[in-house]
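Subject: Handover of a structure

Dear colleague,

I am handing over to you the structure shown below. Please keep it open while you read the notes that follow it.

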Amino acid sequence: MVMATEEILSFEEALEKYDPVLGFEVHVELNTQTKMFSSAPNAFGDTPNTNVTPVDLGLPGVLPVVNRVAVESSIKIGLALGCKIAEKCYFARKNYFYPDTPKNFQTSQYDDPIAYDGSIDIELADGTVFTVEIERAHMEEDAGKLTHMGGSTGRIHGAEFSLVDYNRAGVPLVEIVTKPIVGAGARAPELAKAYVAAIREIVKNLGVSDAKMERGNVRCDANVSLKPKGQEKFGTRTETKNVNSLRAVEHAVRYEIQRHAAVLDSGTPITQETRHWHEDTRSTTSGRPKSDADDYRYFPEPDLVPIVTTEDWIERLRAELPEPPAERRKRLQQDWGYSDAEFRDVVNAGVMSSIEDTIAAGVKPAVARKWWMGEISRRAKVADVEPSELGVTPELIVELNSLIESGKINDKLSREVLDGVLAGEGTPTEVVEARGLAVVSDDGPLLEAIDAALAAQPDVADKIRGGKVQAVGAIVGGVMKATRGQADAGRVRELILQRLGVEG
Amino acid sequence: MTELIRLSAAALAQKLASREISAVEATQAHLDRIAHVDGGDDGVHAFLHVNTDEALAVAAGVDKARANSEELHALAGVPIAVKDLIVTKGQPTTAGSKILEGWHSPYDATVIRRLRAAGMPILGKTNLDEFAMGSSTEHSAYGPTRNPWDLDRIPGGSGGGSAAAVAAFEAPLALGTDTGGSIRQPGAVTGTVGVKPTYGGVSRYGAIAMASSLDQIGPVSRTVLDSALLHEVIGGHDPNDSTSLTDPLGALVEAARLGNVEGMRIGVIKELQGEGYQAGVLTRFQESLELLRGAGAEIVEVSCPNFEYALGAYYLIMPSEASSNLAKYDGVRFGLRVVPDGAPTIERVMGATRAAGFGDEVKRRIILGTYALSAGYYAAYYGSAQKVRTLIQRDFDNAFKQADVLISPTAPTTAFKLGEKLNDPLAMYLNDVATIPANMAGVPGLSLPGGLADEDGLPVGIQLLAPARQDARLYRVGAVLESLLEASWGGPLLDRAPALRPDVLGSNGAADRVETSTAGGTN
């Protein structure tokens with residue numbers, strides 16, 4: 001499947017000769033009501049250039065005002081990453097001309113980020129823990145969105161003109177930068193994915209970001225360099241920009257390791273540059289040369305005053321932090337009694353919180369898991385949405401479950417009831433009545449159906465009489481079909497065996 | 001109506017309040033004056049845009065409100081001119097640049113909202129050096145403004161339009177902006193009053209930025225009291241400007257009305273006199289010191305040794321910030337867009353737009369600032385300049401331990417001839433040597449007329465400086481000095497200005513004009 005545009009070495013061979021060094025810059029879009037420096041709504045998917053004020057358009061005379069909530073969210077991220085929080089920090093201007101940047105400078109932080117010197121433990125699937133050191137987390141504003149028109153590729157090359165939407169311009173971002181990550185070896189791609197997943201989970205858990213990678217709420221630039229085994233000095237790195245899914249992060253790191261190895265093997269130095277990730281070919285292509293001396297002419301933003309963080313403020317925010325995701329998972333697995341495999345599946349399906357809520361609403365852990373991992377996950381997959389987005393409430397599951405437990409409906413009917421509820425036909429009980437879905441509990445009609453089923457399959461009936469009780473399923477199936485599923489299968493089985501004079 | 005345009009804002013406000021005149025009459029009188037003296041080849045050319053309809057409508061609204069006995073602001077109905085660096089809805093805003101020709105702001109600057117709230121009709125937008133970069137208004141893309149005292153001379157800059165409008169009785173009040181002296185130096189050379197408030201004292205929201213850490217909007221007027229009145233309208237905290245102070249402004253009008261210098265220590269800045277200062281400027285300055293001494297002030301000498309480096313540091317910090325602030329003028333979202341022939345990539349459109357839209361002085365400063373911020377040069381230039389800035393602030397701190405206010409000439413010379421320094425940027429920059437330190441330290445400064453220089457009969461400005469947040473002291477001392485000087489002259493200095501277009505104006509000109517060669521002094 002890999003259609004490399006450049007020579008690559010096999011992953012195994014690359015790892016035999018070289019040690020990979022990783023580094024990540026993850027941009028997290030905060031979910032504040034308004035933008036970083038203006039009162040424009042911070043909203044995704046609206047009509048282009050509607051969520052803008054004169055400030056967001058960089059009109060003459062405007063001035064920025066810092067969003068306090070964004071600062072608090074940034075501090076929370078810093079605390080969750082075990083960072084120190086700066087007592088006083090400044091914004092800086094990063095100057096460069098680009099039409100998605102209305103002022104032709106980005107207001108960011110340079111010398112003194114709001115959070116620095118942290119670390120997080122990243123647990124891989126087999127339980128191995130890597131500690132990733134965090135260099136800094138700083139605040140900045142997002143750029144607008146360019147759409148290149150007229151070209152065949154949608155890229156700027158070959159485009160006739162470009163459209164720009166400033167709705168995203170000024171959306172608050174926190175950029176989280178790691179220190180170089182050494183020692184991951186062959187697990188580097190896996191660690192890369194796990195690291196970005198952990199950041200996404202942390203910011204989502206903090207409630208400071210919607211954390212949807214497909215919407216660009218979390219965006220990853222992955223730095224990779226190789227050094228020959230035994231060498232201390234780092235090699236030249238490349239930065240693969242905007243790798244925007246967890247899987248892509250893993251693949252991109254893997255690909256760059258293989259590509260670097262091939263380049264180094266050929267005796268050529270690595271070009272320090274940005275790389276573009278292509279999901280279709282699962283490969284990267286050369287972007288623009290990037291040197292450490294890129295001249296953005298940073299200087300302190302004179303339109304903003306320094307942010308001074310008091311101890312009281314930080315402690316209040318620290319007290320507001322939710323339980324860290326890793327600890328929470330440990331606690332929930334223990335409480336629910338799920339096996340490691342069961343729990344991992346639940347986490348991967350993204351239904352842990354839904355299950356937690358559903359259990360809290362009054363069903364047993366096994367029942368909650370059955371619903372969320374079964375029927376609801378299936379429907380989510382069909383609809384291509386997250387299970388939590390289907391509109392299934394914990395209360396709905398509790399009611400469905402109690403209808404089943406009381407014998408009013410069975411599992412099969414419960415799915416139909418769910419259809420009705422989701423179609424807006426009312427509560428489960430109302431749907432049962434309106435659609436006439438109650439389990440047939442009157443033995444009269446059942447017996448008629450049983451007789452008919454036995455008559456239709458006389459050979460099966462004989463087998464059962466002869467003691468092959470397991471063959472009863474075929475008759476049960478016939479009865480269920482005849483009653484359109486509205487029978488209690490257990491009762492049907494009982495009646496069949498009774499009819500045939502066989503001991504269940 | 002002639003008497004009407006010569007009234008101070010305070011006097012005009014009184015006549016409006018007593019219904020002796022209407023706001024429409026007052027506004028129309030100034031509009032007529034603008035029509036009479038501003039246009040044509042030898043006009044003052046203070047205005048880039050005259051806002052006739054809206055000004056009259058606002059005035060009519062004030063008159064109606066007054067007729068209904070509604071509560072009105074003290075300056076309601078007093079018209080005002082606005083430097084065209086401040087954005088206004090309903091009128092173009094050009095910043096004196098071709099790059100903004102025809103641009104209309106969709107929002108009002110905070111100071112404009114406050115003028116509107118006070119019911120002050122806006123007469124129009126006044127000329128300036130492009131993006132406020134200059135000391136003569138000759139760098140305006142729309143032609144220079146002329147000094148009403150001598151139409152062949154510069155009115156100062158960058159706010160030459162606002163100062164000339166007030167000096168030529170086209171407006172009783174105006175708004176200016178002051179980054180290195182752009183309110184005070186034009187005030188000095190036109191015989192008017194100009195105030196740069198404490199940094200953060202007046203919201204910058206809506207003032208087109210040159211150098212954000214230095215820019216400040218302030219009042220332009222013919223009397224100290226008028227500036228205090230206007231300062232109280234426009235000043236005070238604004239949540240849209242993060243650098244805006246939250247402290248109360250202080251009783252500025254009260255300070256101007258009480259005016260008392262007895263027992264005050266007034267510090268003469270040793271470094272802001274002597275070499276480079278015109279003899280006539282220094283003579284008038286010494287006379288002002290004597291008057292203050294006579295009124296009971298203690299005159300002390302203070303030394304600010306680092307002021308020597310202020311100009312150099314200013315010409316690194318200001319262009320550095322300007323290079324970034326002016327990056328937004330790229331033809332993408334607003335203003336001029338030049339599409340070059342051939343394949344117009346965005347880089348080429350931006351380049352062509354900026355090449356065509358900016359004048360030479362603007363380009364000079366952008367290049368200088370870009371260089372000063374560049375990797376490898378930042379520490380030596382921008383970094384060192386910031387250190388000088390700290391030293392200047394310390395000089396002020398020390399000086400204000402010895403004196404309650406400081407005093408100096410506002411500008412080293414009187415108004416020079418149009419074109420005289422246009423091709424010598426360094427000579428032009430030296431005009432601001434005495435005004436720049438206040439911007440570097442964020443302290444307030446006021447310039448008031450100190451008389452006419454003996455050698456050329458042109459106005460000399462006296463600058464007062466106070467500690468940050470102590471703007472009231474400027475008004476208190478300024479009002480005293482103003483009344484002493486006017487008593488010595490037998491009336492306001494502007495009474496001695498030549499009548500503009502007397503052939504048309506006839507007896508409407510200044511009646512008591514004296515020969516400029518003998519004007520000034522306390523004789």
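Two strands are said to pair if DSSP finds at least two bridges between them. A strand, in turn, is a DSSP run of at least two residues marked E. Please also bear in mind that this is a predicted model.

The nine-stranded sheet of chain A

In general, strands of a sheet pair through backbone hydrogen bonds, either parallel or antiparallel. Chain A has an open sheet of nine strands with mixed pairing, in the order β2-β6-β7-β10-β1-β11-β12-β13-β14. At its edges stand β2 (84–85) and β14 (283–289) of chain A, each of which pairs on one side only.

Are its residues mostly covered or mostly uncovered? Five of the seven residues of β10(A) are buried, so the strand is mostly covered. In the sheet order, β10(A) lies between β7 and β1. Strand β7 (residues 129–141) of chain A is antiparallel to β10(A), and seven bridges join the two. Within this pairing, A:E140 is opposite A:L173, and A:R136 has A:V177 of β10(A) as its bridge partner. Strand β1 (residues 18–29) of chain A also runs antiparallel to β10(A), with five bridges between them. Here A:H27 has A:E175 of β10(A) as its bridge partner.

The three-stranded sheet of chain A

Chain A also has an open sheet of three strands, ordered β5-β4-β15, in which the pairing is antiparallel. The edges are β5 (105–108) and β15 (299–300) of chain A; each has a single partner strand, so one side of each has no neighbour in the sheet. Two bridges hold the antiparallel pairing of β15(A) with strand β4 (residues 92–95) of chain A. In β15(A), the residue opposite A:A92 is A:P300.

The domains of chain A

Chain A is divided into domain 1 (11–313), domain 2 (321–435) and domain 3 (443–500). Taken over C-alpha atoms, the centres of domain 1 and domain 3 of chain A are 64 Å apart.

Chain B as a whole

Chain B contains 18 helices and eleven strands. Its radius of gyration is 22 Å, close to the 24 Å given by the globule rule for 523 residues, so chain B is as compact as a globular protein of that length. Along the principal axes, its C-alpha atoms fill a box of roughly 65 × 55 × 45 Å. Of the 523 residues in chain B, 62% are buried. Among its contacts with a separation of 6 or more, 76% are between residues 24 or more positions apart.

Helix α14 of chain B

The buried residues of α14(B) include B:Y381, B:A385, B:V388, B:I392, B:D395 and B:A399.

Where the chains meet

The two chains touch: 36 residues of chain B are in contact with 26 residues of chain A. On the side of chain B that touches chain A, α11 (310–325), α12 (346–357) and α13 (360–373) of chain B each supply at least two residues. The largest share, three residues, comes from α11(B). By kind, the residues on this side of chain B are 18 nonpolar, twelve polar and six charged.

Most residues other than glycine have a negative phi, and most peptide bonds are trans.

- A:D117 is not a glycine, yet has a positive phi of about 55°. A:D117 lies in strand β6 (residues 115–123) of chain A. It counts as partly exposed, because 15 C-beta neighbours lie inside 10 Å.
- B:A95 is likewise not a glycine and has a positive phi of about 60°. B:A95 belongs to the loop between β2 (80–83) and α5 (110–117) of chain B. With 35 C-beta neighbours inside 10 Å, B:A95 reaches the cut-off of 20 or more and therefore counts as buried.
- B:G157 and B:S158 are joined by a cis peptide bond with omega about 5°. B:S158 sits in the loop between β3 (122–126) and α6 (160–167) of chain B.

With kind regards

Technical notes
Residues numbered from 1 in each chain as written. Chains lettered and ligands numbered in written order. Predicted model: local features only at pLDDT ≥ 70, side-chain atom pairs only at ≥ 80, totals over all residues. Contact = placed C-beta atoms within 7 Å. Helix = DSSP H or I, 4+ residues; strand = E, 2+ residues; numbered from the N terminus. Nonpolar A, V, L, I, M, F, W, Y, C, P; charged D, E, K, R; others polar. Rg over C-alpha atoms; globule rule 2.2 N^0.38 Å. Buried ≥ 20, exposed ≤ 12 C-beta atoms within 10 Å, placed from the backbone. Domains from an automatic or database assignment.
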